[in-house]
Amino acid sequence: MAPNLSGYHRALDLFEGLVAGVPRDGWDAPSPCADWTARDVAGHVTGGQYLIMALAGGEPEPDIGRDPARFVPGDVLMSWRTARKECAAALTPDALARPIPFDGLGELPLADYLEAYILEPLVHAWDLAKATGQPSRLDPDLVHHAFATAQVVAAHLRAAGHLAPPRHPPKGADEQTRMLAFLGRTP
């Protein structure tokens with residue numbers, strides 16, 4: 001039975017829509033990610049597609065946190081679409097079954113990793129939307145799934161210096177706001 005990657009693809013679609021909506025002069029705008037521009041955010045998520053390809057092929061993982069803009073030289077949307085297409089081609093049934101390390105929590109099949117990976121393009125979609133003045137309402141089903149993942153991986157990510165300390169959400173906040181605050185964002 002083929003794995004259901006619909007949430008993963010929906011998160012990528014959401015991110016792609018926001019990349020497509022960035023005005024030509026909007027790529028240098030500061031983002032909610034410290035010291036990163038909108039281009040850096042897009043580069044980080046694009047680099048994530050190369051990271052997934054590396055995992056699929058058992059290759060060394062690229063450092064997608066260092067100089068992320070290098071993944072999106074020139075036309076950001078074209079760079080994103082190229083990386084996404086190449087990554088999709090690498091996700092063969094054998095690759096999806098490959099066991100990979102998961103944030104210090106053991107190993108799991110790549111297909112399961114991709115279900116958890118929804119968190120990455122989803123949260124950075126919000127970052128990109130905020131940086132470029134686009135609507136930042138996220139898919140509530142994806143938010144629910146990503147928030148559950150965040151609660152599992154946050155301690156490891158914070159210990160590695162990849163995630164800001166949590167913030168306190170406003171009383172009565174919706175799940176998206178609570179998730180973003182948990183991830184150190186100011187929604």
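**Close-ups around helix α2**

**View 1. Helix α2 beside helix α5.** The crossing of α2 and α5 has a right-handed sense. A quick word before going on: the model shown here is predicted. The axes of α2 and α5, the latter covering residues 110-117, come within 11 Å and cross at roughly 165 degrees. Angles over 145 degrees count as roughly antiparallel, so α2 and α5 are roughly antiparallel to each other. Sorted by class, the contact of α2 with α5 has eight nonpolar residues and one polar residue, with no charged ones.

**View 2. Helix α2 beside helix α6.** Here we have α2, residues 38-57, packing with α6, residues 119-132. The angle is about 165 degrees, and the axes sit 9 Å apart. That makes the two helices, α2 and α6, roughly antiparallel. Their crossing, α2 with α6, is left-handed. Who meets whom? From α2 come Ala38, Val41, His44 and Val45, and from α6 come Glu120, Pro121, His124, Asp127, Leu128, Ala131 and Thr132. The class count for the contact of α2 with α6 is six nonpolar, three polar and two charged residues.

**View 3. Helix α1 beside helix α2.** Next up is α1, which takes in residues 6-21. The axes of α1 and α2 come within 12 Å, crossing at roughly 150 degrees. α1 and α2 are therefore roughly antiparallel to each other. As α1 passes α2, the crossing is left-handed. By class, the contact of α1 with α2 comes to seven nonpolar residues, one polar and no charged.

Some α2 residues turn up in more than one view.

**View 4. A stacked pair of rings, tyrosine 50 and phenylalanine 71.** Searching the whole structure turns up four aromatic pairs. One of them is formed by tyrosine 50 and phenylalanine 71, and this pair is stacked, with 5.9 Å from centre to centre and 20 degrees between the planes. The pair links distant parts of the chain: tyrosine 50 belongs to helix α2, while phenylalanine 71 sits in the loop between α2 and α3 (76-90), 21 residues apart.

**View 5. Isoleucine 100 and its neighbours.** Find isoleucine 100 in strand β1, residues 99-101. With a relative accessible area of 2%, isoleucine 100 is buried. What does isoleucine 100 touch? Leaving aside residues up to four places away in sequence, isoleucine 100 touches Leu55, Gly106, Glu107, Leu108, Leu110 and Tyr113. For a sense of scale, isoleucine 100 and alanine 129 are 29 residues apart in sequence, and their C-alpha atoms are 31 Å apart in space.

Conventions
Residues numbered from 1 in each chain as written. Predicted model: local features only at pLDDT ≥ 70, side-chain atom pairs only at ≥ 80, totals over all residues. Heavy atoms only, no water. Axes fitted to C-alpha atoms, helices over the stretch in contact; angles between N-to-C directions. Helix = DSSP H or I, 4+ residues; strand = E, 2+ residues; numbered from the N terminus. Parallel < 35°, antiparallel > 145°, perpendicular 65-115°, else oblique. Left-handed = near helix turned anticlockwise from the far one by under 90°. Contact = heavy atoms within 4.5 Å. Nonpolar A, V, L, I, M, F, W, Y, C, P; charged D, E, K, R; others polar. Phe/Tyr/Trp six-rings, centres within 6.5 Å; stacked < 30°, edge-to-face > 60°. Buried < 20%, exposed > 50% of the residue type's maximum accessible area, 1.4 Å probe, protein only.
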